[in-house]
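These are my notebook entries on a structure that I examined. I set down what I looked up, topic by topic.

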Amino acid sequence: MEFLKHTFDNGLQIVAECNPKAYSSAFGFFVNTGSRDESDEVSGVSHFLEHMVFKGTPTRTAADVNRELDEIGSQSNAYTSEEHTVYYAAVLPEHQAQVVDLLGDIMRPSLREEDFEVEKKVILEEIAKYEDQPPFGAAEKCMAVHFEGHPLGKSVLGTTESVTALTVQQMRAYFEQRYSPGNIVLAAAGNLDFPALVDQAARISANWQPFAVHRDAPRAAPRSAFVALEKPQAVQQYVVQIANGPAVMDDDRYAARLLANVLGDDSGSRMFWELVDTGHAEFASIGTYEYQGTGIQMTFVCCAPDDCASNLEKIYQLQERAQRDGVREDELERAKSKICSSLVLQAERSASRMFGIGTGWLQRQQYITVRQAVERYQAITVADVARVLEAYPYAINTTVTVGPKTDLSAPATGK
Amino acid sequence: MPQEIHIHKLANGLTLLAEPMPWLESAAFALLVPAGYARDPGDQWGLANLTCEMVQRGCGSRDSRQFIEDLEMLGADTSGGIRNAHTSFAGAMPADSLPAVLEIYADVVRCPHLPEDQLDDARLVCLQEIYAAADDLAQSAMTELRQRHYGDPWGRPPHGSVEAVSVLSLADIQQMIERHYRPSGAILSVAGKFDWPALRDCVENLFGDWSGAEPPAIEGRPPAGGYHHLSSDSSQTHIGVAYPSVPYSDPGYMQARGAVGVLSDGMSSRLFTEIRENRGLVYAVSASCDSLKDRGSVVCYAGTTTERAQETLDVLVAELVRLADGIAEDELNRLKARIKSGLIMMQESSNSRSRSIAFDWYHLGRVRTLAEVGGLIDGLTCQSINAYLAEHPPQDLVVVTLGEKPLETTIGIS
């Protein structure tokens with residue numbers, strides 16, 4: 001296993017973890033752009049652009065792109081988040097040149113108007129799909145309230161209105177502001193030829209002109225709020241709660257992930273035993289998400305509407321107890337065992353390594369091996385977790401519930 | 001690709017399958033007992049699921065908490081779930097943990113505690129699953145489709161009904177275990193890094209003295225078929241279409257799989273191109289082969305907003321009609337490339353191989369190596385697939401829609 005990197009004059013970076021024993025190789029262009037970089041007028045443009053990137057270039061039609069990806073048997077896709085847009089493909093090693101040529105080419109898409117109008121309909125269908133799907137927009141709403149006035153409060157998909165109003169000119173302008181080679185990392189993992197990768201990327205990106213890219217990263221203001229949204233058609237009640245957490249550069253993220261695992265892993269955690277094992281909730285979990293400048297701990301619950309008030313009470317008590325007494329040594333050890341074993345298992349797939357390396361480099365300009373990651377988790381102590389609890393109290397949170405029940409409120413705390 | 005898959009039949013009927021993947025650091029297993037939801041007796045729909053929930057609440061020397069905590073310390077990510085023919089326990093772990101994890105799961109199927117004081121909690125867990133499934137509209141449409149396409153018991157809702165689950169007793173659960181948590185017809189598959197003689201001995205020790213008779217065959221009732229609409233105040237109309245095909249064990253299966261691949265595998269497939277790329281009608285559209293032991297089918301899904309639902313169904317059906325006219329060489333070449341690269345990438349996952357070899361054993365009574373599957377894919381030709389399609393054109397469609405308005409259908413296309 002060898003880590004290699006290269007930076008071109010135009011700012012494009014390549015990072016790769018080479019494993020000559022792997023059966024496949026995976027490649028991804030990681031663009032440092034997402035919904036947080038959008039103005040309200042173009043809400044949803046990052047994600048819509050991600051779709052449009054597959055619609056062809058001056059030398060390829062949309063059908064060509066799809067056909068070529070299939071011809072080399074690639075497993076390819078793309079995703080957009082608040083901060084990143086990622087285009088990737090896993091292939092057999094013999095198809096490295098073809099897949100890099102294709103992914104590299106589509107990084108300079110034509111953004112043709114006729115394709116834009118057809119794809120707009122697909123985006124509107126995607127929005128409609130999520131409207132029908134639990135938790136019925138609760139997570140996005142919770143982000144919007146928690147981060148009100150902050151760029152992280154912006155929706156990734158946008159709304160039916162914002163996407164309908166979007167023009168191809170606005171999308172092209174956004175592309176011109178965000179897809180600078182200096183804002184892009186090409187990450188690769190698996191059985192790959194690094195010198196060939198560098199040569200090829202040099203040819204592909206030779207005409208990519210660099211320009212300055214700016215991201216607003218104001219501090220997020222911690223706040224508390226409770227919102228109950230009515231969804232009469234829903235059978236279950238859904239709760240999303242967001243508290244603050246460590247940011248991408250904060251080493252406390254390891255302790256925060258372990259804390260979330262002890263309190264809210266989907267099996268064997270305190271929330272599991274109290275809410276799920278007892279049948280009070282269908283699902284209950286806590287996850288952490290790190291962003292540039294801030295982070296969140298997100299609690300998610302699905303339960304019968306009539307049980308929601310008592311479940312909220314239970315969650316608040318559970319959080320208060322953790323806040324007061326911290327976590328136990330044996331709980332922490334089990335959480336380490338679960339997280340580290342899953343890290344090692346996931347690393348068996350080239351594609352999963354590629355995501356880890358690309359995201360790590362985009363966020364921190366840093367590479368760590370799986371072994372180093374395991375060591376960082378192993379080094380966390382009960383005191384580290386206590387420090388995280390103190391720095392990011394659950395009592396300061398935004399809670400959104402969606403379902404048939406609206407007469408719900410935040411349980412009283414601090415008793 | 002490795003050619004070796006170990007098969008060891010225990011005297012009591014349990015089959016151990018093991019595929020060595022010595023380049024991995026992990027091992028994965030799947031333990032299938034013949035207690036699928038198609039075995040739920042009479043009106044006790046949901047019994048297999050409640051039983052599956054109860055056996056994981058303490059077994060052998062461990063209570064319910066110790067059971068989960070020990071698995072966590074072993075780094076094992078495991079789960080239990082029900083399918084139509086089996087209840088299945090499966091998971092992946094660091095290779096060293098495999099013997100200890102198998103020991104725990106031998107206890108799960110052989111000596112569960114079934115704590116009476118946890119029955120009501122377990123029942124609530126199962127009821128929660130039924131409620132939550134009702135909020136998943138796409139899944140609701142597809143569950144209704146399976147019911148109308150396969151009939152009872154193969155197409156019934158896996159989690160049963162609120163009414164039935166509410167009155168199930170511990171005695172019902174004990175009877176389910178007595179009858180169906182049995183070695184005859186059970187499959188234990190392992191893939192990953194392990195030592196074969198040691199694994200075989202370990203499994204003999206853990207399961208060798210397990211006994212019980214083979215359960216009787218299941219008799220099914222004919223399906224309703226036709227078109228059915230479920231009314232819902234939803235943003236999208238969810239469309240499910242199913243039609244008969246051949247089962248996994250049929251000599252024509254690979255041809256059927258090839259034809260469906262042309263319809264739905266990859267971004268250049270026909271459904272994706274015609275319904276999403278060219279017309280922008282949907283975000284999600286798919287078709288896949290689905291197999292019972294004696295019957296196969298093709299199941300399609302599309303989700304679209306109400307005003308475009310009719311056009312979506314019409315284009316979907318038109319593509320099924322066009323499929324019968326045959327496929328082209330370039331379509332087949334792309335499909336082969338996709339399937340073959342998927343097969344090679346499977347070697348990065350002990351989990352998918354352990355599940356796959358268990359599936360093979362149930363359907364074929366033997367296991368195909370990746371090399372053998374690769375050979376079958378190489379052997380596909382346009383001629384063979386088109387001959388299959390001429391003989392088995394998509395027809396006798398069963399259609400379910402869920403949304404604001406019912407649609408016009410032409411069911412009996414031929």
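**A pair of helices**

I looked up helix 12 (residues 329-346) and helix 14 (residues 370-378) of chain A: their axes come within 10 Å and cross at roughly 175°. Axes are lines fitted to C-alpha atoms, for helices over the stretch in contact, and angles run from 0 to 180 degrees between N-to-C directions. Because angles over 145 degrees count as roughly antiparallel, helix 12 of chain A is roughly antiparallel to helix 14 of chain A. I noted that Lys336(A), Ile339(A), Cys340(A), Leu343(A) and Val344(A) of helix 12 meet Val370(A), Ala373(A), Val374(A), Tyr377(A) and Gln378(A) of helix 14. By class, this contact has eight nonpolar, one polar and one charged residues.

**Source of the model**

This is a predicted model, in which local features need pLDDT of at least 70 and side-chain atom pairs count only at pLDDT 80 or more, while totals for chains, interfaces and linings use all residues. Residues are numbered from 1 along each chain as its sequence is written, and chains are lettered from A and ligands numbered from 1 in the order in which they are written.

**Helix 4 of chain A**

I checked the span of helix 4 (residues 113-131) of chain A: at 1.5 Å a residue its 19 residues should span 27 Å, and its end C-alpha atoms are 27 Å apart, which agrees. Its buried residues (20 or more other C-beta atoms within 10 Å of their own) include Phe116(A), Ile123(A), Leu124(A) and Lys129(A).

**Chains A and B**

I recorded that 51 residues of chain B are in contact (C-beta atoms within 7 Å) with 48 residues of chain A. Helix 4 of chain B gives the most to this side of chain B, with nine residues.

Notes. Helices (H or I, at least four residues) and strands (E, at least two) are DSSP runs, numbered from the N terminus. The expected span of a helix is 1.5 Å times one less than its number of residues. A residue is buried if 20 or more other C-beta atoms lie within 10 Å of its own, exposed if 12 or fewer, and partly exposed in between; C-beta atoms are placed from the backbone. Angles under 35 degrees count as roughly parallel, over 145 as roughly antiparallel, 65 to 115 as roughly perpendicular and the rest as oblique. Two residues are in contact if their C-beta atoms, placed from the backbone, lie within 7 Å. Ala, Val, Leu, Ile, Met, Phe, Trp, Tyr, Cys and Pro count as nonpolar, Asp, Glu, Lys and Arg as charged, and the others, Gly among them, as polar.
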